[in-house]
Amino acid sequence: MSTDGQAGVVAVDLAIPVKADLVVLARLTAATVAARAGFGVEDIEDLRLAVEELCLSLVRTDDDGRLNFAFEYVPDAITVKCCFEPQPGWDGAASGVVDDLSLRILDALVDEHGREQRDGKLCAWLRKRRAPSTV
Amino acid sequence: MRLAAQAAGALDGVMAADEGRTASEDTKELFTELARTRDPALRDRLATAHLGLAYQLARRYTNRGEPYEDLVQVASLAIVKSVDRFDPERGVEFTTFATRTVIGELKRHFRDKGWAVRAPRRVQELYLELGKMAESLSQELGRSPTVPELASATDATEEAVLEALEAGQGYRTASIDATDRNDETLASHIGDEDLTMGTVEDRQLLAPAMARLAPREQTILQLRFGQGLTQSEIAARVGISQMHVSRLLAASLERLRKSVGTAEEG
């Protein structure tokens with residue numbers, strides 16, 4: 001891990017229970033990493049909304065488990081990955097369907113986003129580039 | 001909600017023009033025609049056809065202290081703005097462009113008005129200062145300022161700036177609570193009690209009753225319970241005596257109680 005955004009990758013991991021009032025931690029982490037990376041406040045606001053939307057796109061209303069976030073800043077871009085780690089016995093049949101509005105909102109807020117299954121876990125990610133005119 | 005249904009119906013009407021084409025192609029064609037003709041009727045038709053998106057996005061960002069109806073209004077105006085500004089030749093879907101515009105307008109609206117969280121006074125004050133400073137720096141720099149720049153300009157720490165931005169946006173569990181999948185919310189299914197939920201429910205219940213109060217009473221209640229000012233501070237700000245503030249608060253609260261009681265019974 002490096003703390004110099006120009007020289008390498010800044011990586012921060014965060015794990016939270018699926019609790020709505022703890023999503024603030026993910027938003028704040030994203031905002032802090034983005035601030036350290038020199039993003040403008042408009043972009044940081046977008047990133048906050050996008051992180052929240054990323055959670056919404058992953059977790060169903062009755063899911064129980066943990067959300068594992070990985071925030072990475074590489075020069076000029078931030079990547080946020082989020083994987084849902086369900087409690088044992090979780091029935092994933094209802095999960096994995098993302099509503100159009102979430103996708104549309106993510107389209108509007110970030111440069112790239114996607115979803116994937118990783119080690120049997122449902123993951124979603126987004127990437128936002130720093131505005132070219134920002135220092 | 002009737003308007004949303006009308007909008008959806010209009011969208012179907014627009015998109016079903018030719019079964020062999022995609023909705024996206026139809027939309028692009030209509031926007032190309034609008035760019036060529038500037039036909040007001042077509043402009044209205046396109047705006048109406050996409051009002052459903054305004055309703056969806058407004059619902060997504062409810063529970064942040066602003067009435068849903070206000071958010072719908074902001075989002076709907078943003079749709080009209082999007083129709084006027086959309087360039088079909090840029091290769092972006094209208095819905096993506098419009099979503100970006102609507103979210104931008106909603107963010108601006110919350111920045112100006114949103115106080116869903118009863119943040120500490122120092123945080124509120126810093127947030128207000130940041131809003132002004134961000135605007136001035138944006139003009140000066142020709143871009144959105146960074147957090148270090150804002151911190152330096154307001155003589156605050158970067159952490160304090162981040163805290164104020166978080167609180168100032170009225171964030172809490174808002175959009176997760178507002179998700180409309182199966183009309184259920186994530187929060188409603190999370191085992192532990194969310195201590196802030198009562199506040200949100202109260203706010204939703206209070207909003208219509210608040211709207212019926214006189215503007216000055218609304219202001220005083222907002223200053224007292226929204227911003228946490230003392231009666232003396234409110235008196236100084238509004239330009240009346242502390243005793244008068246006290247009487248107005250008592251009377252307003254009594255009216256709210258009656259109004260909410262009636263609503264609950266109904």
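## The main nonpolar core

In this predicted model, the largest nonpolar core holds 82 residues. Those with the most contacts inside this core are A:Leu67, A:Phe69 and B:Leu57. The element that gives the most to the core is α2(A), which supplies nine residues. Domain 1 (2-115) and domain 2 (121-172) of chain B both contribute residues, so the core lies between them.

B:Leu57 has contacts in both chains. In chain A, B:Leu57 touches Leu101 and Ile105. In chain B, the residues that B:Leu57 touches are Thr99, Val102, Ile103 and Leu106, leaving aside residues up to four places away in sequence.

## Helix α2 of chain A

Helix α2 of chain A covers residues 41-58, 18 residues in total. From its first C-alpha to its last, the helix reaches 26 Å, close to the 26 Å expected at 1.5 Å a residue. α2(A) is mostly covered, with 17 of its 18 residues buried.

Which loop holds B:Ser144? B:Ser144 sits in chain B between α7 (121-141) and α8 (147-154). The relative accessibility of B:Ser144 is 16%, and because buried means under 20%, B:Ser144 counts as buried.

The side chain of B:Ser144 reaches two backbone nitrogens of chain A: that of A:Val41 at 3.1 Å and that of A:Glu42 at 3.0 Å. Not counting residues up to four places away in sequence, B:Ser144 touches A:Gly40, A:Val41, A:Glu42 and B:Ser138.

Conventions
Residues numbered from 1 in each chain as written. Chains lettered and ligands numbered in written order. Predicted model: local features only at pLDDT ≥ 70, side-chain atom pairs only at ≥ 80, totals over all residues. Heavy atoms only, no water. Helix = DSSP H or I, 4+ residues; strand = E, 2+ residues; numbered from the N terminus. Expected span 1.5 Å × (residues − 1). Buried < 20%, exposed > 50% of the residue type's maximum accessible area, 1.4 Å probe, protein only. Polar contact = N/O pair within 3.5 Å; in protein donor to acceptor, adjacent residues only side chain to side chain. Contact = heavy atoms within 4.5 Å. Core = buried A, V, L, I, M, F, W, Y, C linked by side-chain atoms within 4.5 Å. Domains from an automatic or database assignment.
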